[in-house]
Amino acid sequence: MTRPLRTVELGVAGNEASDLLPVHSPALLAAHGARRAFWTVLDEGSVEQCLALLIERYDGGWVTHHLPMDAGAENGRTEDGEALARYGEWIYVLGSHFGSKRGPLRPRRAFVARFREADAVVPVPRLHVVRNQFRLHRAVNDAIVAAGITVLPPGEQVRHRFIVATRDRGTARAKTWVSRLADNDLPVNVEAAAFTPAGTLLLGLRFPVTDRGEPIAVEVADLAGMFDRRSWPRVVGAYAVTGVTRPGELTGFRALSSRNDGSYDAVIGSIDALGKGSVLLDEHPSGGDVPSRHVRFRWGAGQEGPVLAGELVSDLAPLHNVEGLTELDGARYYVTDEDHRVALWIGVGDRHGAEGDYPDGTLRG
């Protein structure tokens, strides 16, 4: 790694963690006696059972708090929450919109949920879940084509297992969503999200990537309209992040967060996990053994063209599984997705201290 990091070892119901979002609500922090805290989303189960807080107490100790919510009629009808993003009083949670490692795509993963952060002080907060039945899949595929981004061809096995098999299954079950899948579509894997000042949402995709192996972000508008059925989200832009992918590698988004100066921090890395039977890696083995990298880019309202120039902030090797990052109170925080543990990594921020101010070491919560 470019800078030493210290780790906090935590556990949340035997789950791994995805994404990392600072808590802003003073009432929620006070309710947990927290100096600071972060939201994370867990990887096993439906989304209302997969939200948790990582809490630093005033004595410097760390604890976790698993916070089940109530999704009403949508309880038990989702899976694979991946990304968190804040807009105003709302916390949004996005499903991967992907499938299992060998396909097909799963409609349960095509969802967006939200809750008011201040409401999380009650024992079982309300979570509003909307499943979009592949509408976002359709919009992302169309936007990438419209932007003129040349993508990495997915490969025949990927196309068959993720697109053809999904359509066949939907047709057999008389699902109306089959019309939103086309033969030449790419499977979409949403892994990261951050709102822009304009109120649109940047989604970081783990797949697809460009033909040069570069990560792709899409800009989504009208996200809030889906919660009262006024409108479905529209994808209004698609962008390739250049200058951050090594030759011969394939890198997708693993995490994304906005910064106060208008730029965005991201973690990029492998397009799928090694050793789990991924058909993506069967077709594209150079997308597997890719260490995580912390990069930065700028996006502005009225962004012209499909290219965002990125720069390296920190090489996070040997870590391959960083799934969340943020900067708070002068420190950087990363969270890794590991079997049956949550590891929070803490390092020096951009404006505070010199390299090495945080020594290597392990803290146990």
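R254 is buried in this predicted model, with a relative accessible area of 2%. Its side chain meets that of E191 in a salt bridge, with 3.7 Å from N to O. The pair links distant parts of the chain: R254 belongs to strand β14 (residues 252–258) and E191 to strand β10 (residues 189–195), 63 residues apart. E191 also counts as buried, at 1% relative accessibility.

The structure holds 28 salt bridges. In one of them, R36 pairs with E56, and the closest N and O atoms are 2.4 Å apart. R36 lies in strand β3 (residues 34–42), while E56 lies in strand β4 (residues 51–57), so the bridge ties together parts that are 20 residues apart in sequence. Here too, R36 and E56 are both buried.

A further salt bridge joins E79 to R106, with the closest N and O atoms 2.3 Å apart. This one runs between loops: E79 is in the loop between β5 (62–66) and β6 (81–87), and R106 is in the loop between β7 (90–95) and β8 (111–116), so parts 27 residues apart in sequence are tied together. The two partners fall into separate burial classes, because E79 has a relative accessible area of 18% and is buried, whereas R106, with 28%, is partly exposed. The loop that holds R106 also holds P104. A cis peptide bond joins G103 and P104, with omega at about -5°.

P208 lies in the loop between β11 (201–207) and β12 (216–221).

Turning to the helices, α3 (residues 156–172) has a kink of about 30°, centred on A165. Within α3, the buried residues include V158, F162, I163, V164, T166 and G170. The elements that cover the buried residues of α3 include α2 (135–147) and α4 (279–283). After α3 comes A174, whose phi is positive, near 55°.

Q133, a residue other than glycine, has phi near 50° and is found in the loop between β9 (128–131) and α2. Its relative accessibility of 32% makes Q133 partly exposed. R229, likewise a residue other than glycine, has phi near 60°. R229 is found in the loop between β12 and β13 (234–242) and, at 56% relative accessibility, counts as exposed.

The chain as a whole gives these details their setting. Its secondary structure comes to 4 helices and 21 strands. The radius of gyration is 19 Å, close to the 21 Å given by the globule rule for 365 residues, so the chain is as compact as a globular protein of that length. Along the principal axes, the C-alpha atoms fill a box of roughly 55 × 50 × 40 Å. Of the 365 residues in the chain, 57% are buried.

The mean pLDDT of the chain is 91, and 93% of the residues reach 70 or more. Over residues 351–365, by contrast, pLDDT stays under 50. For this stretch, the model has 33 contacts beyond four places in sequence.

Terms used:
Residues numbered from 1 in each chain as written. Predicted model: local features only at pLDDT ≥ 70, side-chain atom pairs only at ≥ 80, totals over all residues. Heavy atoms only, no water. Salt bridge = Lys/Arg side-chain N within 4 Å of Asp/Glu carboxyl O. Helix = DSSP H or I, 4+ residues; strand = E, 2+ residues; numbered from the N terminus. Buried < 20%, exposed > 50% of the residue type's maximum accessible area, 1.4 Å probe, protein only. Bend = angle between axes of the 7 residues up to and from the residue. Contact = heavy atoms within 4.5 Å. Rg over C-alpha atoms; globule rule 2.2 N^0.38 Å. pLDDT = per-residue confidence, 0-100.
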